[in-house]
Amino acid sequence: MAADSFTATPEQAPGTTDGPLNHGFQDADAVLPQYHIEAHTSLVERPLRSLKYGEAFAVLDSYGDIGVLPGPEGLYFQDTRYLSRLHFTIEDQRPLLLSSVMQDDNGALSVDMTTPDIRIDAHDETTIPRELIAIERTKFLFKGACYDRIGLRNYDSRHWNLKIGVTFDADFRDLFEVRGMDRPVRGKRSVQVASESEVQFRYVGLDEVVRTTSLHFGPKPKHIEPGKVGFEVSLPPGGRASLFIRTVFESHRAFTSAPAAEKVGEDAAAGLSHAAGSSATARHPKGLAEGVIFARAYRDSRRDLRQLTAGITTIISSNDQFNEAACRATADLYMLASRTPEGIYPFAGIPWYSTVFGRDGIITAMMALWIDPNFAKGVLRYLASTQAKAIDPAADAQPGKVLHETRRGEMAMLGEVPFRHYYGTIDGTPLFVMLASEYYAVTGDRETIERIWPALELALGWMNKYGDRDGDGFVEYARDTDKGLENQGWKDSHDSIFHTDGNLAKGPIALCEVQGYVYAAKNGMATLATLLGHDALAERLGAEATKLRADFDTAFWCDSIGTYALALDGEKRQCAVRSSNAGHALFTGIALPERAASVAANLLSKDGFNGWGVRTIARGEARYNPMSYHNGSIWPHDNALVAMGLARYDLKPEASRIFEGMFDTALYQDQKRLPELFCGFMRRHQRGPVSYPVACSPQAWAAAAPFAFLAACIGLELQHDRNRIRLKNPTLPAFLDGVSIFNLKLGDSRVDLRFQRYGGDVTVNVLRRTGDAQVSVVK
């Protein structure tokens, strides 16, 4: 992620057992860090609902409205807010909310409401008693439009004439403005009543892109003006009526009549599928009733989602609550998936990161590899197509480096933020190579590997030349532009890498986990090189990986803390800080076997593990703050990688303990959805985990985490070269008595498996098998 953080008040939370926070460090928060997310309101202050299709997403309140209270709510497309307000009222009052649920597959939001006590006439005190008019609202996104149906039904024995109002606005704010950045100059905005049932907002940006939001109403409103429409609805006893709002968003270059799908973001490096999010396909024949348009779009959206998820691996367990969490995680993954010319790509998260992030996409694809390898295929091909080809200090780019993120909003296009195509990540490139080898091991897809082989070679060259700035064998980072990120690992907050005394590390900085990624990348690249007949390269890479492992242990192991150091600074001094980063050394296999137990004990200690998960930074370290973004918080994806690392060294009880903590966390979350992160306060009796105020939800790598936890515990390995599904010392956490996995794929084979726990032992049964794949259980 970009270095985004919430600045919390430096006080100990009431009732916690965590120690006091520290202050006065060099380079502390005298000013807000770059690209900071301001937190005047909390994303967990009230339930929010998210919809997404392609490059568009919507953040709504529980009613399906937008902007009734301040916050990030809106309808967004390509990092611009195309609708900042949409407020539905009946007789000038807000309805009473009965329920607000996302459909199980995230395809639509369904809201049930009713009328409050309504006084129609102040003089004769005519009133509608509450709960007589049922209101059902359905909203979804599909191909360039947000569709909204409001259905009303009269359960009274009397006839009622009701006034319905809808107020709306479109501020066309860039996402970074919504996040808190100020812009002294903006483009020009206008609004007009385009017809008796349409209002159009228009914004001509400083980037010479014309962005429009058109609201289409059906049936024809009684009253229409810029920002407001009014309907009169007649409801006889038992009568029904429906209102429709279709919000179409599109953009095109100024001074051209070319369609948006051809002109906006016309940059080959972006590589995104315009059809997936543009409004070109949201146009309908003139005169077609809005109800018909809604019904057709809803039908097509359901077909589209079924097509996207056809044939995936599914899970059913003995625990209904885990089934709900797994179902939501699956739905979140596919909601965040966007189609590109190279395949599907999981956008990172809503609301702040609904775009391509290299690191996030890779790690998400890794964790979901056994569920659906199409994520990995799309990620690999997309990142290969957008790989840096030249040195560009303004973008922190060098040849062979993998993309960090791409943005398509006005501020990015103008260079006000550096993220149009930004490469300021130190770990994306080795992770890219690592994913390629893991993808091949599972799928045997030689064609894809051959297609991206030149990109893999470039990535390897980047690691050896530009990544290793001083030639010591370790990969380090230092930003090339002041607008870029100060820290360029996954913990990219400005204060996330520091020494024992709390002083910030000075670069170039070599991160603990990055050396592990490089180690795994070189081993994996050696395997792929052998596959393609590059034997000399394979031999060299194997030797380099072996040397790196030994050098890593010498340079990073720290006896005083009993684990690997967080990082080495520019002077090769250890940042002797206990962190979750050391768990990634287990994940990649760079940790020596004799170190594993000590690393695990450190991670699962009371300072490292708070009862819900492993903290990013252990309690007691100088900059520990359980409310920080990266210095004491808990991230589900981080914990999943740690659990996978523990399982790799056959530390299954420890992996199961983390899995249990994360499952318990999900039970306290809205929709049982794991968030991007949460606070690291110690677990307390009869209380849930403490939320982080601006955490994204859903977040792709958090959604993929449950599948990584389960795979780690059952020891799942898909070995295409041996045509074997291997289950190494399978275990199940206490909350799972049994788990069934359906349609597990290996080559042309399909297998259904049943795991049953008996005390500390787990049995495995093959329920169904097509094809000749072998199932091997190793205990």
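Mentor: Buried means under 20% relative accessible area, exposed over 50%, and partly exposed in between (1.4 Å probe, protein chains only). The model is predicted: local features need pLDDT of at least 70 and side-chain atom pairs count only at pLDDT 80 or more, while totals for chains, interfaces and linings use all residues. Residues are numbered from 1 along each chain as its sequence is written, and side-chain values use heavy atoms, with hydrogens and water left out.

Trainee: Is T429 buried or exposed?

Mentor: T429 lies in helix 8 (residues 428–443). Leaving out residues up to four places away in sequence, T429 touches G400, K401, V402, A459, W462 and M463, where contact means heavy atoms within 4.5 Å. Its relative accessibility is 0%, so T429 counts as buried.

Trainee: Why does the pair of F244 and F294 count as tilted?

Mentor: Rings of Phe, Tyr and Trp (its six-membered ring) pair if their centres lie within 6.5 Å; planes under 30 degrees apart count as stacked, over 60 as edge-to-face and the rest as tilted. A search of the whole structure finds 36 aromatic pairs. In this one the centres are 5.6 Å apart and the planes stand at 55°, so the pair is tilted.

Trainee: How many residues apart in sequence are the parts that this pair ties together?

Mentor: F244 counts as buried at 12% relative accessibility, and F294 counts as buried at 9%. F244 belongs to strand 18 (residues 240–253) and F294 to helix 3 (residues 290–309), so the pair ties together parts whose separation in sequence is 50 residues.

Trainee: Which ring has the charged end of K52 over it?

Mentor: A charge sits over a ring if NZ of Lys or CZ of Arg is within 6 Å of the ring centre and within 35 degrees of the ring normal. R94 lies over the face of Y63, at 3.7 Å from the ring centre. For K52 the distance to the centre is 4.7 Å, and the ring is that of F347.

Trainee: Which strands stand at the edges of the open sheet of 4 strands?

Mentor: Two strands pair if DSSP finds at least two bridges between them. The order is 19-31-32-33, with antiparallel pairing. Two of these strands have a single partner strand each, so one side of each is left without a neighbour in the sheet: strand 19 (314–317) and strand 33 (761–770).

Definitions and conventions: Helix = DSSP H or I, 4+ residues; strand = E, 2+ residues; numbered from the N terminus.
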